[in-house]
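Trainee: Could we go through this model together, with the terms spelled out as we meet them?

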Amino acid sequence: MSGAVNDRRRINGPARSVEPIYTPTVLDSVAKGRSDGRGLDHMRPIYAKAGPISDAQTTASASGSAFYEQGSIRISCAVYGPRSARKPNARRAHFVCDFQYAPFACSKRSPTQSTDEHETSLWLSNTVGPAIRLEMYPKSSIDAYVTVIESDGKMATLAATINCISLALADAGIEMYDTVAACSMGLRDSQWIVDCTHQENAECSVLVAYMPSVDEVTGVLQTGKTTLEVHEQGVQLCTNVCVRVYAVICRALQASVE
């Protein structure tokens with residue numbers, strides 16, 4: 001028998017191996033704080049841009065559009081309207097939101113995701129709709145089409161979706177009482193945490209949509225159980241963070257007209 005036979009079809013491994021770098025687990029992040037190093041009251045970095053779709057030189061360009069990025073969350077929204085509605089005798093405009101996940105948006109696609117998208121579309125229409133002066137557009141409809149390109153935390157993605165829709169509506173020139181800003185929080189170890197990611201498992205989550213200029217809440221969504229006092233504390237903290245998000249949306253609108 002001859003010596004060792006070299007397999008030419010395989011790539012020989014390196015002579016020296018190095019131990020792989022492991023990503024910290026959720027348990028490690030609980031012991032040391034948050035996995036990305038943020039404070040409990042800090043949001044992920046936000047990037048917002050108005051008009052990336054409506055600026056395209058196409059015949060079917062949208063009336064207004066926006067791109068919103070919050071950490072790993074990426075969302076695009078296109079607004080069409082006001083345009084003729086199916087009910088020509090309506091005294092108020094009809095606002096419809098179509099919410100969809102991209103096939104690659106989530107790490108695992110749920111079999112009931114299409115049902116969730118339909119329910120989320122209705123909830124978004126009822127949450128953002130009160131901010132629009134629908135009486136100014138009779139016999140017309142305003143449609144917002146949202147695509148979640150990447151998701152990281154369900155409640156945080158919904159909050160980012162509301163911010164993206166508000167930015168797109170303002171870019172379309174739709175008359176509104178105020179821009180809706182949204183924020184989400186998660187309750188962990190009896191402490192509220194702002195903008196939870198998918199890895200940060202929270203026993204209870206709350207989302208608040210808020211109009212800072214008129215001091216009105218347009219929508220509240222909660223998952224999990226908690227006491228009334230803790231719930232009110234979470235809603236108050238969310239409204240405080242919404243004011244900071246509102247400033248980011250206003251700066252993005254300013255940048256779009258400069």
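Mentor: On a 1 Å grid over the protein atoms alone, a pocket is an open set of points with protein on both sides within 12 Å along at least five of seven lines, and lining residues have an atom within 4 Å of a point. The model is predicted, so local features need pLDDT of at least 70 and side-chain atom pairs count only at pLDDT 80 or more, while totals for chains, interfaces and linings use all residues. Residues are numbered from 1 along each chain as its sequence is written, and side-chain values use heavy atoms, leaving out hydrogens and water.

Trainee: Which residues lie nearest the centre of the largest pocket?

Mentor: This pocket holds about 800 Å³ of space, a volume being the space filled by probe spheres set on the points. Its lining counts 34 residues. Those nearest the centre are Tyr101, Gly153, Lys154, Met155 and His198.

Trainee: Which element gives the largest share of the lining of the largest pocket?

Mentor: Helices (H or I, at least four residues) and strands (E, at least two) are DSSP runs, numbered from the N terminus. Strand S4 (94-101), helix H2 (113-128), H3, S6 and S9 each give two or more residues to this lining. The largest share, 6 residues, comes from H2.

Trainee: Which strands stand at the edges of the sheet?

Mentor: Strands pair if DSSP finds at least two bridges between them. The open sheet has 4 strands in the order S7-S6-S8-S9, with antiparallel pairing. Each edge strand has a single partner, so one side of each is left without a neighbour in the sheet; the edge strands are S7 (191-194) and S9 (216-223).

Trainee: What is the bridge partner of Tyr210 in S9?

Mentor: Strand S8 (residues 204-211) runs antiparallel to S9, and 7 bridges join the two. In S9, the partner of Tyr210 is Val217.

Trainee: At roughly what angle do the axes of H3 and H4 cross?

Mentor: Axes are lines fitted to C-alpha atoms, for helices over the stretch in contact, and angles run from 0 to 180 degrees between N-to-C directions. Contact means heavy atoms within 4.5 Å, and here Asn163, Leu167, Ala170 and Asp171 in H3 meet Val245, Ile249, Ala252 and Leu253 in H4. The axes of H3 (residues 154-171) and H4 (residues 228-257) come within 10 Å and cross at roughly 35°.

Methods
On a 1 Å grid over the protein atoms alone, a cavity is a set of points where a 1.4 Å probe fits but cannot get out, and a pocket is an open set with protein on both sides within 12 Å along at least five of seven lines; lining residues have an atom within 4 Å of a point.
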